[in-house]
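Trainee: I would like to learn how to read a few features in a protein model. Could you take me through them one by one?

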Amino acid sequence: MLPGVMEAPPAQRCEPQGLAAVYDVHRAAILRFLRARTRDAAEAEDVLQELWIRLREVGGGPIGNPRGYLFQMANHLVLDRERERRRRRMREQHWSAQAHAAVDTADGIDAVDPARTPEQILSDAQERDLLLRAIQKLPEAARRAFCLHKLEELSHAEVAARLGISRSGVEKHIALAMKHLRQALPDCGADAPAPSSLAHGQEPS
Amino acid sequence: MSGSESGARDVMQAAMAWHAATQRGDCDWDAFTAWLEEDAAHQQAYAYVAGVEADIERNRPALREQLREESPVRSGRRRWPLAIAAALVLGVAIALGWNQWPFHATAAQEYTALAGTLQIPLDQGVQVTLASGSHIRVSGRHHERVELTGTAYFDVRHDPDRTLLVMAGGRVVRDIGTRFEVFGDDNMLMVAVTEGIVSVDLPGEAQGARVAAGQRLMVSGTPLRAEYASIAVDDVAAWRSGRLIIRDEPLSLVAAQIGVHSGMKVTVDTAIAGRRFSGVLVTGDGSQLAARLAEIMGLDLQPRGNSVHLAAKAAVQ
């Protein structure tokens, strides 16, 4: 789960300072991944640039799988950007006076997780509510499998045992749940919501 | 929508499997790239899955609690011993004068910061910034009682007519008008003051211990020990801007604070609980904090179901 603590043969380990060299070797592969991941060449270049800058901030002990670590970092950067865009859209759709609540974010520290803006704080609660309501509306069997796996963190095998169905049945239920969520919450995750889904069914609370 | 339903579900299943692989750290990134390149629908499904999974992860404790079928009851760990509460009621009643005691107190309000910092403006010029994973229960007619589990920063407008009481880590912090951070969980307490003075009820100190701007009081250990230190005001509650700045704190206290930010209990082997730690940790979504701490201190990180345990590494060499 965390590359930093993953076991790996000593030869593959590297100190955080050594990441730059690993980056140089795998730059092309990472860029290719980013292009596939974002489907946007300019965005991919931006993320790669950001990755290069962030490498210097990596500290701590030896890194077990430096190549995987770089890909994972790159993937997280894309995820952060997608999330940021989604929040921006949410803000535009569900604007609320509360968003003006004064929050001191003027620290200027540009950490991996920079200061949260009032908008972020506001949309945290909205995000949770939307998610909760969407999960509640899932079909019964899919919802149970989904909750046991994603919320109670049981493995597929454990969920299967609990519900008395096969493992592949569990996977199908969970995938079905995810599909329903995607229809109910088109804004989540995916970058651009289909215009048709914005036209109806979006009731601001 | 093009494509059959079952086809779309296969893509979704594959996207979820890829997501799980990236999370485990054993992902074949080149194969993943190839899969993403194959079809725009793959990329969109993956982006969706990764986004929703991250949302779920951030909100897991709250969602779990609200969606759990069997037990609609709150997982009410009573951290606030009744005796102390009773003593407190008495103390507050005396402080306010009986006729002012809010018998008609408004219903208590609870707040939990689930993903990131939460700003809560209370009555009478009190602003609470709640750290991720922390919880407060606010009661009293004028919102003057705050029970805290976790970490919060208080900005209290000066008002000699009202005393804000923060109950945390089994103690009471009293404040008239200052800015300060409190962390409290189980028997541990940390109070750091950036402006003004607060008073903390400690056993055997009738007056309440005073903590002034630029000072920090820590109560931790077995047996419990109170410890004062000077601190840099700028380091206080740095989690508001995404980092935990820790200066010479016992590991038990550091682990407890990290546990709150990560939404997962972090326990420490008693043999190393008293070891000191200084450092800066980026909070992120909290999930990596315990691993980072273990990494920096060269400790062994042992997952134990819903918690993690930190212990000394078996000696090498």
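Trainee: Which residue caps the N-terminal end of helix 3 of chain B?

Mentor: Start with the terms. Helices (H or I, at least four residues) and strands (E, at least two) are DSSP runs, numbered from the N terminus. A polar contact is a pair of N or O atoms within 3.5 Å; within protein, one must be able to donate a hydrogen and the other to accept it, and residues adjacent in sequence count only if both atoms are side-chain atoms. Here the cap is B:Asp39. One of its side-chain oxygens lies 2.9 Å from the backbone nitrogen of B:Ala41.

Mentor: Keep the source in mind. This is a predicted model, where local features need pLDDT of at least 70 and side-chain atom pairs count only at pLDDT 80 or more, while totals for chains, interfaces and linings use all residues. Residues are numbered from 1 along each chain as its sequence is written, chains are lettered from A and ligands numbered from 1 in the order in which they are written, and side-chain values use heavy atoms, leaving out hydrogens and water.

Trainee: Where does helix 3 of chain B have its kink?

Mentor: The bend at a residue is the angle between axes fitted to the seven residues ending there and the seven starting there. In this helix a kink of about 75° lies at B:Arg60, shortly before the proline B:Pro61. The expected span is 1.5 Å times one less than the number of residues. Helix 3 of chain B has 28 residues, and a straight helix would reach 40 Å, but its end C-alpha atoms are only 34 Å apart.

Trainee: Is that helix mostly covered or mostly uncovered?

Mentor: Buried means under 20% relative accessible area, exposed over 50%, partly exposed in between (1.4 Å probe, protein chains only). Helix 3 of chain B is mostly covered, with 21 of its 28 residues buried.

Trainee: What does A:Arg37 form a salt bridge with?

Mentor: Its partner is A:Glu82, with the closest N and O atoms 2.9 Å apart. A:Arg37 lies in helix 1 of chain A and A:Glu82 in helix 3 of chain A, so the pair ties together parts 45 residues apart in sequence. Both residues are buried.

Trainee: Which chains does the pair of A:Arg83 and B:Asp55 join?

Mentor: A:Arg83 forms a salt bridge with B:Asp55, at 3.8 Å between the closest N and O atoms. This pair crosses from helix 3 of chain A to helix 3 of chain B.

Terms used:
Salt bridge = Lys/Arg side-chain N within 4 Å of Asp/Glu carboxyl O.
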